[in-house]
Amino acid sequence: MITIATALSSESALPADNLERVNPATTQAALGRFLETVERRALRMAELATASRDEALDLVQDAMFGFVRHYADKPASEWTPLFYRVLDNRLNDWHRRRQVRSRWIWTASPSRDADDDADPGTQVADPADPGPLLRLAGTQAAAALDTALGNLPSRQRQAFLLRVWEGFDVATTAATMRCSEGSVKTHLSRALAALRRALEPHQ
Amino acid sequence: MNEFDDKPWLADAKALLDESASALDAPTLSRLNRARHAALAQRGPRWLGIGWLPATAVAGTCALLLGVAVWTTQRAPTRGAPVAASAAPAAAAAALGDDDSLEFYQDLEFYAWLDAEQDGDGDG
């Protein structure tokens, strides 16, 4: 994973010694299989971020194009974090565009991205607590989780999804999100605390 | 299995997310499929551009050099000839276009006979 994080840290560089010299048709097929394995999760991530399936599909398609254009020649072992890095960039761009638009439209609701204001000490979860989703069943739990994730600030949500769902380590998540490892830990800690708080009423 | 799987509610959250990803409807899966193929399709022309560009450039340069060489060698030794070659048909066309000349050629046998007669008179 350190290797992957290192590769991610030099995004634009495509060192020749790092390229796979394989049959292009083989690479094409492997790329297709890879995209097939990540596209559903990517769509769900984008959908949680945008609350719109159409927007999410557009963002995932854009991420696929960007990934194939820039990273298809990278070793296949690096594809997953690289793809999520591209997707993360697209999601950040989407949020920036949305913020620019929202400057012209007054809204009384607080910004979802103001995630650094709260006191982290009040958000630390109790590890002994079994958790809020245990007694929720089926669609109710899924809907509650969707809502809670959708209400998280974008960086917290991405940290949660990449660390918990994708299983990335801290270094890879930091490289994917282009932030420090400390920031990843902070985002994740706050995400976990916020999710627990949001899901408690459903118990 | 990752480090969060020992926390039950996080394992549940993962399971719910997995389930939501695998339960996408058919139209959404179709759009994802099209998006994937479109993304992969852009790679074909890129291979062509990178893989064939040097060969195409070399072949184009060779063809250009060959063309210049052939044109130069054909043109150099016959530099004056095209003028003469092109002048002959022009003169013929001009001659044919001239009514007097045409009559001359039609009476050519008469002039030949007259010439022979005059030569004979001179001899005699």
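Colleague: In which loop of chain A is A:Ala51 found?
Modeller: This is a predicted model, in which local features need pLDDT of at least 70, side-chain atom pairs count only at pLDDT 80 or more, and totals for chains, interfaces and linings use all residues. Residues are numbered from 1 along each chain as its sequence is written, while chains are lettered from A and ligands numbered from 1 in the order in which they are written. A:Ala51, not a glycine, has a positive phi of about 60°. Its place is the loop between helix 2 (24-50) and helix 3 (53-71) of chain A, helices being DSSP runs (H or I, at least four residues) numbered from the N terminus.

Colleague: Is A:Ala51 buried or exposed?
Modeller: A residue is buried with 20 or more other C-beta atoms within 10 Å, exposed with 12 or fewer, and partly exposed in between. A:Ala51 has 12 other C-beta atoms within 10 Å, so A:Ala51 is exposed.

Colleague: What is the phi of A:Arg178?
Modeller: A:Arg178 lies in the loop between helix 7 (170-177) and helix 8 of chain A. With 14 C-beta neighbours inside 10 Å, A:Arg178 counts as partly exposed. Although A:Arg178 is not a glycine, its phi is positive, at about 55°.

Colleague: How are helix 6 and helix 8 of chain A oriented to each other?
Modeller: Helix 6 (residues 154-165) and helix 8 (residues 181-199) of chain A pack with their axes 8 Å apart, at an angle of about 95°. Angles of 65 to 115 degrees count as roughly perpendicular. Helix 6 and helix 8 of chain A are therefore roughly perpendicular.

Methods:
Axes are lines fitted to C-alpha atoms, for helices over the stretch in contact, and angles run from 0 to 180 degrees between N-to-C directions. Helices (H or I, at least four residues) and strands (E, at least two) are DSSP runs, numbered from the N terminus. Angles under 35 degrees count as roughly parallel, over 145 as roughly antiparallel, 65 to 115 as roughly perpendicular and the rest as oblique.
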